[in-house]
Amino acid sequence: MPSRHALIRRPGPRLAEGLVTHIDRRPVDPALALRQWEAYVGALRDHGWQTTEVAPADDCPDAVFIEDAVVMFRNVALLTRPGAGSRRPEVAAARAAVEALGCSVGEVRAPGTLDGGDVLKVGDTVYVGRGGRTDGEGIRQLRSAFEPLGARVVAVPVSRVLHLKSAVTALPDGTVIGYPPVVDDPALFPRFLPVPEESGAHVVLLGGGRLLMAASAPKSAELLAGLGYRPVLVDIGEFEKLEGCVTCLSVRLRELYA
Ligand SMILES: NC(=O)NCCC[C@H](N)C(=O)O
């Protein structure tokens with residue numbers, strides 16, 4: 001029986017100083033961000049996900065984006081070495097969390113860099129984006145960690161957005177969805193569906209055809225509802241100001257062994 005467990009980390013006191021790379025900086029309202037985060041966590045819980053809070057890393061403004069610190073394949077957790085030096089101290093508490101959950105744990109070592117936001121799993125295929133945060137050595141280490149477990153690792157270029165999953169994610173049937181202006185090469189994916197908004201490309205699979213999506217993507221939500229899915233919309237506007245999206249606020253663990 002697949003587990004439904006998600007790691008989360010609450011926004012810290014320095015959130016407003018989070019990194020911005022591809023967009024202009026806009027002021028972040030920390031109180032509103034906390035309310036949005038609580039609603040996001042509430043949506044996970046309402047749909048049957050048990051959540052574990054990773055200990056704070058309050059010196060790290062971007063620590064709330066927990067997806068970047070650890071990548072799961074089956075019950076193996078690969079701790080990352082984030083491409084931005086300011087984010088590397090985020091990983092220690094993620095290690096403690098996955099160890100406590102009984103995962104087997106590996107790590108990306110220097111000089112490789114890898115951000116979890118660059119890793120998209122579609123069945124046993126693991127797409128990894130080579131871009132601003134993840135380098136060739138990080139990809140090589142991801143391959144050696146996951147290929148022995150049956151993963152097929154496919155590296156793809158990412159040049160127009162922060163992470164691979166800022167450009168594309170996948171529907172439950174494996175169709176990759178993306179907003180074409182920010183996808184380097186849609187032809188790299190066997191089935192690609194364009195969506196009309198950049199944030200409409202970001203879905204978290206909640207189970208049973210339900211898709212957690214940003215409220216900023218109503219047209220994409222309508223498109224996906226028309227295909228028989230059930231979008232669950234959450235406002236994550238304060239995190240979008242820091243190039244965050246719905247995927248990056250949690251790490252879903254589906255194959256924990258009790
Ligand atoms: N996986 C993600 O999409 N993470 C978003 C990280 C945003 C953060 N401000 C950063 O630049 O690292």
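In what follows, Ala, Val, Leu, Ile, Met, Phe, Trp, Tyr, Cys and Pro count as nonpolar, Asp, Glu, Lys and Arg as charged, and the others, Gly among them, as polar. This is a predicted model, in which local features need pLDDT of at least 70 and side-chain atom pairs count only at pLDDT 80 or more, while totals for chains, interfaces and linings use all residues. Residues are numbered from 1 along each chain as its sequence is written, and side-chain values use heavy atoms, with hydrogens and water left out.

**The largest cavity**
- On a 1 Å grid over the protein atoms alone, a cavity is a set of points where a 1.4 Å probe fits but cannot get out, and its lining residues have an atom within 4 Å of a point.
- The largest cavity is lined by 20 residues, and D68, R87, L162, H163 and E243 lie nearest its centre.
- This lining divides into seven nonpolar, six polar and seven charged residues.

**The ligand**
- A polar side-chain atom of D62 lies 2.8 Å from a nitrogen atom of the ligand, and a polar side-chain atom of E67 lies 2.8 Å from a nitrogen atom of the ligand.
- For R133, a polar side-chain atom lies 2.8 Å from an oxygen atom of the ligand.

**The second largest cavity**
- Among the residues that line the second largest cavity are V156, P157, L164, D184 and F189.
- By class, its lining has ten nonpolar, no polar and two charged residues.

Conventions
Polar contact = N/O pair within 3.5 Å; in protein donor to acceptor, adjacent residues only side chain to side chain. 1 Å grid on protein atoms, 1.4 Å probe; cavity = no way out; pocket = protein on both sides within 12 Å on 5 of 7 lines; lining within 4 Å.
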